[in-house]
Amino acid sequence: DGPGIGANTFLHREPDPAKVRRELEVLRGSGIGLIRQEFQWAEIEPLGPGRHLGAHGEDTWAKYDRIVAAATALDLQILARLDRPPAWATPGFDPATNPRVQTPPADLDQFARFAAELARRYQGRVNTFQIWNEPNLHGEWGGRPPDPAAYLEMVRTVGSAIRSVNPDAVIVLAGLAPTIETGPDNLSDILFLRRL
């Protein structure tokens, strides 16, 4: 009964709403029923908790609203990938100078608050959430070794906040990177799952 085939999308990187719509139409026409779309916390709340303004005063929700509206109109399910904390949530780590690396926020409750706000905003249109991405790689921990126990705490904290808004939400384990490494930098997906 599920959507069958899914695809990763990075539609937040495309500024032209018409191109976003065309890409979604092509995906739908190809038999795709679900998109995994990143919702970057750093883009949505760059200036602080609850502050949804960009550098030029623009509403930082606007492009994500357009993506959700276009996908919903085409009957595409959305799996929302939640990650990329803003600099204010990661003291001592500046995401702008580390574009290919991220680190968990200092306060998981802030991440949970953001996730609950997103779940509330898109209730009825986004029901599936992936918390973080590839937590078995050191690049997802600010260059520190992967930490399955800390990731589990993140999933519990953020997932509970989402479910407080949407009890029917589906929380998906982050995609794991395929690797055979055994640490300390990266951890095989199998080892990570066992420790998790």
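**Notes on the predicted model**

1. The side chains of Gln-40 and Glu-38 make a polar contact at 3.3 Å. Gln-40 belongs to strand β2. With a relative accessibility of 14%, Gln-40 counts as buried, because the cut-off for that class is under 20%. Leaving out residues up to four places away in sequence, Gln-40 touches His-12, Tyr-64, Asp-83 and Arg-84. Please keep in mind throughout that this is a predicted model.

2. Arg-84, one of the residues touched by Gln-40, is in the loop between β3 and α4. Arg-84 is buried, with a relative accessible area of 18%. The phi of Arg-84 is positive, about 60°, although the residue is not a glycine. Most residues other than glycine have a negative phi.

3. Asp-75 also has a positive phi, near 60°, and is not a glycine either. Asp-75 sits in the loop between α3 and β3. Is Asp-75 buried or exposed? Its relative accessibility is 56%, so Asp-75 counts as exposed.

4. Pro-184 is in the loop between β5 (170-172) and α6 (189-195).

5. Helix α1 has 13 residues, which at 1.5 Å a residue should span 18 Å; the C-alpha atoms at its ends are 18 Å apart, in agreement. Val-20, Leu-24 and Leu-27 of α1 are buried. These residues cover an arc of only 60° around the axis, so they lie on the same side of α1. The face turned away from that buried side carries Val-26 and Gly-29, which are exposed. The cover over the buried residues of α1 includes β1 (5-9), β2 and α3.

6. As to the ends of α1, a side-chain oxygen of Asp-16 comes to within 2.9 Å of the backbone nitrogen of Ala-18 at the start of the helix. Just after α1, Gly-31 takes a positive phi of about 95°.

7. The largest nonpolar core has 47 residues, and those that touch the most other members are Leu-24, Phe-39, Leu-82, Phe-111, Leu-118, Phe-129 and Ile-162. Two or more residues each come from α1 (17-29), β2 (32-40), α2 (41-44), α3 (62-73), β3 (77-83), α4 (108-121), β4 (128-131) and α5 (148-165). The largest share, 8 residues, is given by α4. In soluble globular proteins, nonpolar side chains tend to be buried together.

8. Phe-111 is among the core residues that touch the most other members. Which residues is Phe-111 in contact with, leaving aside neighbours within four places in sequence? They are Trp-41, Leu-82, Asp-83, Pro-105, Ile-131, Trp-132, Met-154 and Val-158.

9. The count of aromatic pairs comes to 9. One of them, Phe-39 with Tyr-122, is tilted, with 5.9 Å from centre to centre and 55° between the planes. Phe-39 is in strand β2 and Tyr-122 in the loop between α4 and β4, so this pair ties together parts 83 residues apart in sequence. Phe-39 and Tyr-122 are both buried. Ring pairs also link a cluster made up of Phe-39, Trp-41, Trp-61, Tyr-64, Trp-88, Phe-111, Phe-114, Tyr-122 and Trp-132.

Technical notes. Residues numbered from 1 in each chain as written. Predicted model: local features only at pLDDT ≥ 70, side-chain atom pairs only at ≥ 80, totals over all residues. Heavy atoms only, no water. Core = buried A, V, L, I, M, F, W, Y, C linked by side-chain atoms within 4.5 Å. Buried < 20%, exposed > 50% of the residue type's maximum accessible area, 1.4 Å probe, protein only. Helix = DSSP H or I, 4+ residues; strand = E, 2+ residues; numbered from the N terminus. Contact = heavy atoms within 4.5 Å. Expected span 1.5 Å × (residues − 1). Arc of directions from axis to C-beta. Polar contact = N/O pair within 3.5 Å; in protein donor to acceptor, adjacent residues only side chain to side chain. Phe/Tyr/Trp six-rings, centres within 6.5 Å; stacked < 30°, edge-to-face > 60°.
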